[in-house]
Amino acid sequence: MRTVSIVAALAAIAMPALAQDSKEAARAIAGEPAAAPQRLVLIDVPKPASKRTALFDGRSLAGWTPWLGYADPAITYRAGPDAVPVGISRDTSGDFAVRRVDGAPAIWVKGETWGSLVHRADLRDYHLRLEFKWGTKTWAPRETQPRNNGLLYHTHGKPGEVFGTWRPSAEFEIMTGSTGMIVAVGGKVRGHTNVSFDPAIIAPHLRYRFGGREVDIVNGTPTWNVEAATDAERPVGEWNTLDLYVVGDRAVHVVNGVPVAEVRDLAVIGPDGSRQPLTHGQIQLQSEGAETWFRSITVEPIKTLPKIVLQRD
């Protein structure tokens, strides 16, 4: 008990210092905090180049492959070499299924065991739209944290390559308060975007800002994610519409019609250390601690990206 008390006391002393260090790092990267939030709008929305395709047939998980991480998600980021992911070694119908909600079928993600559903289609140059809403359940070790999930795109590599649980990807984060955040999933994924320093949000304290300083998003560094420009998500229990526009190595994230982030120069670091453009891949629907429903998942080809601009009063 004495040891635990000493550790807790040291942690209490260290945490403010670490928080201050992370804010100073963000200030060095992005400069002083922005004076005011931006109001962003989407223009030049592209017309589809051909017909829309449904990725969810409303009846089954046909086309989707499950993968589960560790039986105890708490070890995900610190698993030793002897830890073995669940993978597909058990029946996953209790983790992912098609069920009816609000009078219609949807993909149900339980969220208790972390992992994902990966769609088989190799996608490039597309507009993907889906609807999601949160269920009622949250699970350890995130039961008291913001609900968390994600739409991962340009997925490549091997199942479980990232923390035994996901495949390398760019991420359109789905998390209460942060939906639309950009995350590099995997140590070799890269992407440029523009940011400002926002001390009001958690580390790394970087928020997407039109015209802000350019950063390279790199997992495991002070630029491992970039927060959405604004919180455009609806209250828990309501359906949200996500639009992901991707052309080549660029993407635009839109939440309920509000543009919240854009990323460009998506790439992977090759065996020789060179930056190789990341222009296509599969999508993953994450399971990461919160019950989630997905429906109306469609994709249509596009040739150009919409533009994010500042709204003028």
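User: Which residue stands opposite I182 in β14?
Analyst: I182 stands opposite V226 in β14, where strands are DSSP runs marked E of at least two residues, helices are H or I runs of at least four residues, and both are numbered from the N terminus. This is a predicted model, in which local features need pLDDT of at least 70 and side-chain atom pairs count only at pLDDT 80 or more, while totals for chains, interfaces and linings use all residues. Residues are numbered from 1 along each chain as its sequence is written, and side-chain values use heavy atoms, with hydrogens and water left out.

User: How many bridges join β10 to β14?
Analyst: Strand β10 (residues 182–185) and β14 run antiparallel and are joined by 2 bridges; two strands pair if DSSP finds at least two bridges between them.

User: And what is the strand order of the open sheet?
Analyst: The open sheet has 7 strands in the order β3-β6-β19-β8-β9-β10-β14, with antiparallel pairing. Its edge strands are β3 (64–68) and β14 (225–226), each of which pairs on one side only.

User: Switching to β15, is the strand buried or exposed?
Analyst: Of the 8 residues of strand β15 (residues 240–247), 8 are buried, so the strand is largely enclosed by the rest of the structure. Here buried means under 20% relative accessible area, exposed means over 50%, and partly exposed is in between, using a 1.4 Å probe and protein chains only. N240, L242, L244 and V246 point one way from β15, whereas T241, D243, Y245 and V247 point the other way, and all are buried.

User: Which residues of β15 stand opposite L130 and V252?
Analyst: L130 stands opposite L242 in β15, and β7 pairs with β15 in the antiparallel sense over 7 bridges. Y245 stands opposite V252 in β16, and β15 pairs with strand β16 (residues 250–255) in the antiparallel sense over 6 bridges. The hairpin of β15 and β16 has 2 residues between the strands, and G248 takes a positive phi near 60 degrees in that hairpin.

User: Which residues other than glycine have a positive phi?
Analyst: Among them are D125, with phi near 50 degrees, and H154, with phi near 55 degrees. Most residues other than glycine have a negative phi, and most peptide bonds are trans.

User: What about R167, which side chain of opposite charge is nearest?
Analyst: The nearest side chain of opposite charge to R167 is E161, 6.6 Å away, and R167 is buried yet has no salt bridge. For charge, Lys and Arg count as positive and Asp and Glu as negative, with His and the chain ends not counted, and a salt bridge is a side-chain nitrogen of Lys or Arg within 4 Å of a carboxyl oxygen of Asp or Glu.

User: What polar contact joins the side chains of R167 and Q282?
Analyst: The side chains of R167 and Q282 are joined by a polar contact of 2.9 Å. A polar contact is a pair of N or O atoms within 3.5 Å; within protein, one must be able to donate a hydrogen and the other to accept it, and residues adjacent in sequence count only if both atoms are side-chain atoms.

User: Last topic, how many aromatic pairs are there?
Analyst: A search of the whole structure finds 4 aromatic pairs, where rings of Phe, Tyr and Trp (its six-membered ring) pair if their centres lie within 6.5 Å, and planes under 30 degrees apart count as stacked, over 60 as edge-to-face and the rest as tilted. Y77 and F163 form an edge-to-face pair, at 4.8 Å centre to centre with 85 degrees between the planes. Y77 lies in the loop between β3 and β4 (96–101) and F163 in the loop between β8 and β9, so the pair ties together parts that are 86 residues apart in sequence.
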